[in-house]
Amino acid sequence: MFAFRHRLFANKGAATQTISRAAIQPKPIRSQLIYSQQRTAYRISYPGGGPRYSRFGRVNDLSARWSQSPAVRYTAVCVLGAGVYFYTSNLEEVPVSGRRRFNVVSPENEEEMAKQMYQQVLREYGNKVLPAYHPDSRLVQRVLNRLIPASGLTDAKWEVHVIDDPREKNAFVLPGGKVFVFSGILPICDTEDGLAVVLGHEIAHNVAHHAAERLSQVVWVAVGMWGLAFLLGSPDFLSQILIDFGFTRPGSRKQESEADYIGLMMMAQSCYDPGAAVEVWQRMEKAERYAPPQWLSTHPTSQNRVTKIQEW
């Protein structure tokens, strides 16, 4: 037995030092590797203690690869540089407002896609479209004729469609000059000046090519959703909600305010009274009984629109 003890301590005290070090500072033993779809976790067991967990997301994995692999850094820099070049080379200035924005859809492609929507709208409301000789159709045509020269879109094939639906308070103009006005908005307009407010706003969307801008944003929406899902491990629906409320809806409200501004400029140039816009949106506010809060909507509230118009 003494010979065994001699051999135990003869190896420069290695076993004793190992036992002492383990007693002073227990080493973690990786006992189980747990995978989940969004997170990765290591179960760590310590001598003399219960299991502990060290969780980290894909951000830590990406950070480790960044620090350890030059190829990853080089690839990331190249992708980032290509993205910046792609973005900056497709920036343009919005007519009238001067806002800088990203757009990769040409006016020709924008109009071509609008043709499909035009046919879809006709299939849905074609039996409710009032004839051209109807007083409401003639009213809309008269106001439109005064606004077109100020829009700069005189080459478009303008067509007026008044839809007989007293409950719908809406109007829109498709790229290419296809005008749709629901009869329910005419009492809100009240006068030709009021109708010019609505038509000027809708034509302004086409002047600014907002439809093309929204289509172009799909690129960054897809990139944003992928990035959130990868870095945060969030499900697709959560990424979609974050992008929607943090990017898409605010961008839509910005476009609506911009169309208000451009429309007022068109009204003034066409010898309509831009001050009628305040009364129109005040009447619209009274008609909107259950309007959602602005942060939930793609449009500014009527009250905020009135405030902006008065500032302009």
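Let's start with H210, a residue in helix 9 (residues 210-232). Leaving aside its neighbours within four places in sequence, H210 is in contact with R99, R101, E110, H205, Q255, E258 and A259. Is H210 buried or exposed? Its relative accessibility is 0%, so it counts as buried, the cut-off for that label being under 20%. Keep in mind as you look around that this is a predicted model.

**The whole chain**

Now zoom out. The chain has 312 residues, and buried ones make up 33% of them. Its secondary structure comes to twelve helices and eight strands. The accessible surface is about 19,500 Å², and carbon and sulfur atoms account for 57% of that. What about contacts between residues at least 6 apart in sequence? Of these, 56% join residues at least 24 apart.

Strands of a sheet pair through backbone hydrogen bonds, either parallel or antiparallel. Here you can find an open sheet of three strands in the order 6-8-7, and its pairing is mixed. Strand 6 (159-163) and strand 7 are the edge strands, each pairing on one side only. On average, neighbouring strands in this sheet are turned by 15° against each other, direction ignored.

Here are the two pairings side by side:

| Strand pair | Sense | Bridges |
|---|---|---|
| Strand 6 and strand 8 | parallel | five |
| Strand 7 (residues 171-174) and strand 8 (residues 178-182) | antiparallel | four |

I163 stands opposite F182 in strand 8, while A171 has V181 of strand 8 as its bridge partner.

Strand 7 and strand 8 also form a hairpin, with three residues between them. Look for G176 in that turn: its phi is positive, at about 105°.

**Helices across the sheet**

Which strands does helix 5 (residues 107-125) lie across? The answer is strand 6, strand 7 and strand 8, and helix 5 runs at about 35° to strand 8. Helix 8 lies across strand 7 and strand 8, and its angle to strand 7 is about 30°.

**Two helices that pack together**

Two packed helices are described by the angle between their axes and the distance between the axes. For helix 6 (residues 135-151) and helix 8 (residues 192-207), the angle is about 50° and the axes are 9 Å apart. That makes helix 6 oblique to helix 8, and their crossing is right-handed.

Which residues meet where these helices pack? From helix 6 come L139, V140, R142, V143, L144, R146, L147 and S151. On the helix 8 side they meet E192, L195, A196, L199, G200, I203 and V207.

Finally, find S270, which is in the loop between helix 10 (236-269) and helix 11 (276-287). Setting aside neighbours within four places in sequence, S270 is in contact with R146, L147 and A150. As for A150, it is 120 residues away from S270 along the chain, yet their C-alpha atoms are separated by 6.4 Å.

Conventions:
Residues are numbered from 1 along each chain as its sequence is written. This is a predicted model: local features need pLDDT of at least 70, side-chain atom pairs count only at pLDDT 80 or more; totals for chains, interfaces and linings use all residues. Side-chain values use heavy atoms; hydrogens and water are left out. Two strands pair if DSSP finds at least two bridges between them. Helices (H or I, at least four residues) and strands (E, at least two) are DSSP runs, numbered from the N terminus. Buried means under 20% relative accessible area, exposed over 50%, partly exposed in between (1.4 Å probe, protein chains only). Contact means heavy atoms within 4.5 Å. Accessible areas come from the Shrake-Rupley method with a 1.4 Å probe; for residues, only the protein chains shown count as cover. Axes are lines fitted to C-alpha atoms, for helices over the stretch in contact, and angles run from 0 to 180 degrees between N-to-C directions. Angles under 35 degrees count as roughly parallel, over 145 as roughly antiparallel, 65 to 115 as roughly perpendicular and the rest as oblique. A crossing is left-handed if the near helix is turned anticlockwise from the far one by less than a right angle, and right-handed if clockwise.
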